[in-house]
Amino acid sequence: MKTHFIAIGGSAMHNLAIALKDKGYQVTGSDDAIFEPSKSRLEKKGILPQEMGWFPEKITPDIDAVILGMHAHQDNPELAKAKELGLKIYSYPEFLYEQSKNKTRVVIAGSHGKTTITSMILHVLNFHQKEVDFMVGAQLEGFDCMVKLTQDNDFMVLEGDEYLSSPIDLRSKFLLYQPNIALMSGIAWDHINVFKTFDDYIEQFRKFVASITPGGVLVYNEEDPEVVKVVENAENYFRKIPYKTPEYEISNGKVYLKTEMGDVPLSVFGAHNLLNMEGARHICQQLGIMDEDFYEAIMSFKGASKRLEKVERADKGTLYKDFAHAPSKVKAAVKAFKEQFKNEKKYGFLELHTYSSLNPAFLEQYDHAMDGLEEAVVFYSEDALKIKRMEPISPEFIKEKFKNENLKVFTNAEDLHAYWNTLDKANGVYLMMSSGNFGGLDLTK
């Protein structure tokens, strides 16, 4: 099969391209910019475009599938040529469904926790050498690629994202998967640039539940009232399995899960991670993994990339980075950090980086998000606001919305870096929350 990727350099797209190359497909692609690690990984597989840009001449009648990434625009010249030739054009999730339509599809959805839960499931399956196809949104220890596609595996585990499928397909990605087994971890308004109201956002999850195949299974977080409402109001037939935060204790800085089989020591911390783990356990049950085997494997799970991920520093300072940017994610990460490090001085840094997090209306959701930290810092770039064509935001406005008078607010990277350099990293513990990089801040130094 011959495939061509329009915008091959994206974090998701390049992993799918590599997976198809490994499956024996012919793979080509284009992009106007490709950064690391995508560049090196594509080059290693021999599918890195020779030059950057869009080249309609690459689109030929013998191509079986054109896969369109979100980074491309509707007026992309390669897309126009594909339409002109009448080629089959897939969005990323649409193509994944095509590859898995004869398998049992397991889809992990939710505003927060879906990457971690998917990672936990794959870690357990990998530990017990149970082969499945998969797609996950983070690089995992023990896995070469974030996507795996085979002819033979019976199951496909998919991280289900509610964001748009492609520039020409404005459906939420997870609506294309039609799960046989699903999980819903939580609902908290996100992607405000696309879903203008909370109800519009919730509607995507209603549709997701409605897309579960007849007689399927939904594992859901019974501690989230929005999730419970969506599940209770669903009209289609499926089996419902609720889950909640399990019992645990922290002893000498180590988290222990309380189970019928005794205390299970864990390598991760935070109530939200324990809740995620419980959801993963129920999904693994559906895949034939007994609880005893689940606990044996989960002890060695160290977390998904950038999800309360420990950063090794030369000065032995304690620093964790987290992808948290949405308010619910920030609050969960801060809560976990405060619980884990009760006696240390706690520093929390948050970068407001996304369209949603910089939207004045959405900022209301961050109220008290950084409370309980001895030093709380928020950084956002005034230049980024200009690039995004958004109105200026004052530091005073940020403090007001966070309801935290002691909040330190920086609006340019130089000032933030200068403050960072005054801190003794060997003393205290640091939580760095961003989907960006704090204006190029090196967290290892």
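This is a predicted model: local features need pLDDT of at least 70, side-chain atom pairs count only at pLDDT 80 or more; totals for chains, interfaces and linings use all residues.
Me: OK, helices. How do α1 and α4 sit against each other?
Reply: The axes of α1 (residues 11–23) and α4 (residues 92–100) come within 11 Å and cross at roughly 30°. That makes α1 roughly parallel to α4. Angles under 35 degrees count as roughly parallel, over 145 as roughly antiparallel, 65 to 115 as roughly perpendicular and the rest as oblique.

Me: And what's an axis here, or a helix for that matter?
Reply: Axes are lines fitted to C-alpha atoms, for helices over the stretch in contact, with angles from 0 to 180 degrees between N-to-C directions. Helices (H or I, at least four residues) and strands (E, at least two) are DSSP runs, numbered from the N terminus.

Me: Which residues of α1 and α4 meet?
Reply: From α1 you have Ala12, Met13, Leu16, Leu20 and Lys23, and they meet Tyr92, Phe95, Leu96 and Gln99 of α4. Contact means heavy atoms within 4.5 Å. The residues of this contact divide into 7 nonpolar, 1 polar and 1 charged. Ala, Val, Leu, Ile, Met, Phe, Trp, Tyr, Cys and Pro count as nonpolar, Asp, Glu, Lys and Arg as charged, and the others, Gly among them, as polar.

Me: What angle do α5 and α9 pack at?
Reply: About 100°, with the axes of α5 and α9 9 Å apart. That makes α5 roughly perpendicular to α9. Met120, His123, Val124 and Phe127 of α5 make the contact with Phe294, Glu296, Ala297 and Ile298 of α9.

Me: Is His123 buried or exposed?
Reply: Buried, with a relative accessible area of 17%. The cut-offs are under 20% relative accessible area for buried, over 50% for exposed, and partly exposed in between (1.4 Å probe, protein chains only). Leaving out residues up to four places away in sequence, His123 touches Ala297, Ser300 and Phe301.

Me: New topic: which residues of α3 are buried?
Reply: In α3 (residues 77–85) they're Glu78, Leu79 and Ala82. Down the axis of α3, its buried residues fall within an arc of 100°, so they line one face of the helix. The arc is that of the directions from the helix axis to the C-beta atoms.

Me: What does that face of α3 pack against?
Reply: The buried residues of α3 pack against β1 (2–6), β2 (26–30), β3 (65–68) and β4 (89–91).

Me: And α12, which residues are buried there?
Reply: Ile398, Lys401 and Phe402 are buried in α12 (residues 395–402). Their arc is 95°, so they line one face of α12. They pack against β19 (346–351), β20 (375–379) and β21 (408–410).

Me: What follows α12?
Reply: Lys403, with a positive phi near 55°.

Me: Where's the cis peptide bond?
Reply: From Glu36 to Pro37, with omega near 5°. Pro37 lies in the loop between β2 and α2 (38–44).

Me: Last one: what's the phi of Leu308?
Reply: Positive, about 45°, although Leu308 isn't a glycine. Leu308 is in the loop between α9 (291–298) and β17 (309–311), and at 7% relative accessibility it counts as buried.

Definitions and conventions. Residues are numbered from 1 along each chain as its sequence is written. Side-chain values use heavy atoms; hydrogens and water are left out.
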